Amino acid sequence: MNDLPKLYFTMERYLFPLREEELGELTAKMREFLRIVEVVRPSRFITSALRWCGLGRPMKDREKMLRAFFLKAVYDLPTTKALIENLKTNPSLRRLCGWESRCEVPSEATFSRAFKVFAEEKVPDAVHAMIVKENYTGKLVGHASIDSTAIVGREKACRKNTPKIKLRKKRGRKSKAEKAALAEQELSETKTRRLELQPNRTLAENVGDLTQGCDWGGKRDSKGKTSFWCGYKLHLSLGDGGVPLAALLSSASMHDSQAAIPLMQMASERATILYDLADSAYDAEEIRAFSEKLGHVPVIDPNPRRGDKVELAPARKIRYRERSTVERGNSDLKDNYGARHVRVKGHWKVLCHLMFGVIAITVKQLFNMLE
């Protein structure tokens with residue numbers, strides 16, 4: 001497990017001065033990048049699937065390319081071309097990633113192939129889960145705030161990944177297997193709401209059931225105005241201090257409440273949480289009951305679906321103010337860590353691109369809490 005205060009002291013006292021002797025004065029972004037590299041330690045996430053097996057042409061060093069993608073997120077570079085141009089023209093950035101000369105920097109096609117492998121192997125997800133677990137073992141998270149944000153895609157809207165399969169009814173007497181299949185289908189048809197099924201499923205089943213394709217969606221802001229976009233929704237659970245605990249990506253058309261239970265499951269596996277904070281979009285009995293089942297206290301803004309709106313109790317209203325943490329986290333991700341210019345296509349590639357920014361924010365906020 002990372003001892004973050006000790007690592008912070010070591011970096012401030014020894015690593016940064018050593019790097020300044022080699023590269024000159026370090027900027028704030030360079031220091032942020034070095035902190036990410038020291039906390040993540042990319043070499044431990046380069047599995048056998050990411051290494052050269054000895055057949056064919058040797059692959060470029062995936063560890064250095066993983067560092068480069070973190071650099072792209074920290075510097076909010078819009079494209080891989082911009083990343084390569086910065087690496088070739090800035091010797092300091094190039095050396096921080098591990099390349100000495102310009103000719104060692106891989107081509108855009110090589111970066112693209114490496115990014116595809118990182119997305120398929122879900123490397124950023126594993127990195128983020130490991131960082132949170134290492135730094136929250138034995139600690140309490142007072143408030144976990146849940147919300148979603150719009151992610152504009154650069155692809156056409158496609159069909160959702162949950163088609164309904166209808167069994168063909170046959171005439172005559174049915175076998176026991178056919179009767180069981182029809183009974184199961186009738187049961188699934190009566191439980192059409194995803195929220196009713198999620199509390200009895202595992203995290204993997206719930207995540208796999210979420211719609212993943214690019215689609216059109218709408219979101220109403222605090223002023224009552226609805227904006228529409230084609231793309232995805234990023235669902236985040238942020239702890240105290242703005243540290244992301246869990247992240248999921250879904251179609252833009254999926255309702256926010258359907259990601260609440262999977263986010264709670266994911267965050268609870270990584271940290272011990274006391275309060276779950278959410279706005280009125282998450283006001284559902286299933287979500288409240290599941291939060292209490294996990295041992296949390298749900299603080300959800302009541303939704304005035306029928307009649308007058310019910311106000312939160314004074315004590316819970318004070319706690320609910322902490323939910324602004326997740327809104328600031330969404331803004332930070334879009335303004336400073338690449339969430340506004342998603343150039344890749346496909347659910348897993350978009351999530352991979354966003355997770356590099358989520359990891360950067362996680363490390364930044366962990367160190368901010370020490371300062």
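Author: Buried means under 20% relative accessible area, exposed means over 50%, and partly exposed lies in between, with a 1.4 Å probe and protein chains only. Helices are DSSP runs of H or I with at least four residues, strands are runs of E with at least two, and both are numbered from the N terminus. The model is predicted: local features need pLDDT of at least 70, side-chain atom pairs count only at pLDDT 80 or more, and totals for chains, interfaces and linings use all residues. Residues are numbered from 1 along each chain as its sequence is written, and side-chain values use heavy atoms, with hydrogens and water left out.

Reader: Which residues of α11 are buried?
Author: Helix α11 spans residues 260-270, and nine of its eleven residues are buried, so the helix is largely enclosed by the rest of the structure. The buried residues are Ala260, Ile261, Pro262, Leu263, Met264, Gln265, Met266, Ala267 and Arg270.

Reader: What percentage of the residues of the chain count as buried?
Author: The chain has 15 helices and six strands. Of its 371 residues, the share that counts as buried is 48%.

Reader: What share of the contacts with a separation of 6 or more comes from residues 24 or more positions apart?
Author: Contact means heavy atoms within 4.5 Å. Among contacts in the chain with a separation of 6 or more, residues 24 or more positions apart account for 67%.

Reader: Which residues touch the most other members of the largest nonpolar core?
Author: A nonpolar core is a set of buried Ala, Val, Leu, Ile, Met, Phe, Trp, Tyr and Cys residues joined through side-chain atoms within 4.5 Å. In soluble globular proteins, nonpolar side chains tend to be buried together. The largest core here has 97 residues, and those touching the most other members are Phe70, Leu87, Phe111 and Ile287.

Reader: Which helix gives the largest share of this core?
Author: The largest share of this core is 13 residues, and the helix that supplies them, at residues 347-368, is α15.

Reader: What covers the buried residues of α4?
Author: In helix α4 (residues 80-89), Thr80, Ala82, Leu83, Ile84 and Leu87 are buried. Phenylalanine 111 touches several residues, including Thr80, Leu83, Ile84 and Leu87, when residues up to four places away in sequence are not counted. The cover of the buried residues of α4 includes α3 (62-74), α5 (91-97) and α6 (108-120).

Reader: Which backbone oxygen does the side chain of histidine 128 reach?
Author: Histidine 128 is in helix α7 and is buried, with a relative accessible area of 1%. Beyond four places in sequence, histidine 128 is in contact with Pro244, Leu245, Ala246, Arg270, Met355, Val358, Ile359 and Thr362. At 3.0 Å, the side chain of histidine 128 reaches the backbone oxygen of proline 244.

Reader: Which side chain makes a polar contact with the side chain of aspartate 283?
Author: Aspartate 283 is in the loop between β5 (272-278) and α12 (285-293), and at 12% relative accessibility aspartate 283 counts as buried. A polar contact is a pair of N or O atoms within 3.5 Å; within protein, one must be able to donate a hydrogen and the other to accept it, and residues adjacent in sequence count only if both atoms are side-chain atoms. The side chain of aspartate 283 reaches the backbone nitrogen of asparagine 303 at 2.7 Å. Its side-chain partner, at 2.9 Å, is arginine 288.

Reader: Is lysine 139 buried or partly exposed?
Author: Lysine 139 is in the loop between α7 (123-136) and β1 (140-152). The C-alpha atoms of lysine 139 and alanine 271 are separated by 7.4 Å, while the two residues are 132 residues apart along the chain. At 45% relative accessibility, lysine 139 counts as partly exposed.

Reader: What is the phi of arginine 41?
Author: Most residues other than glycine have a negative phi. Arginine 41 is in the loop between α2 (28-40) and α3, and at 38% relative accessibility arginine 41 counts as partly exposed. Although arginine 41 is not a glycine, its phi is positive, at about 55 degrees.
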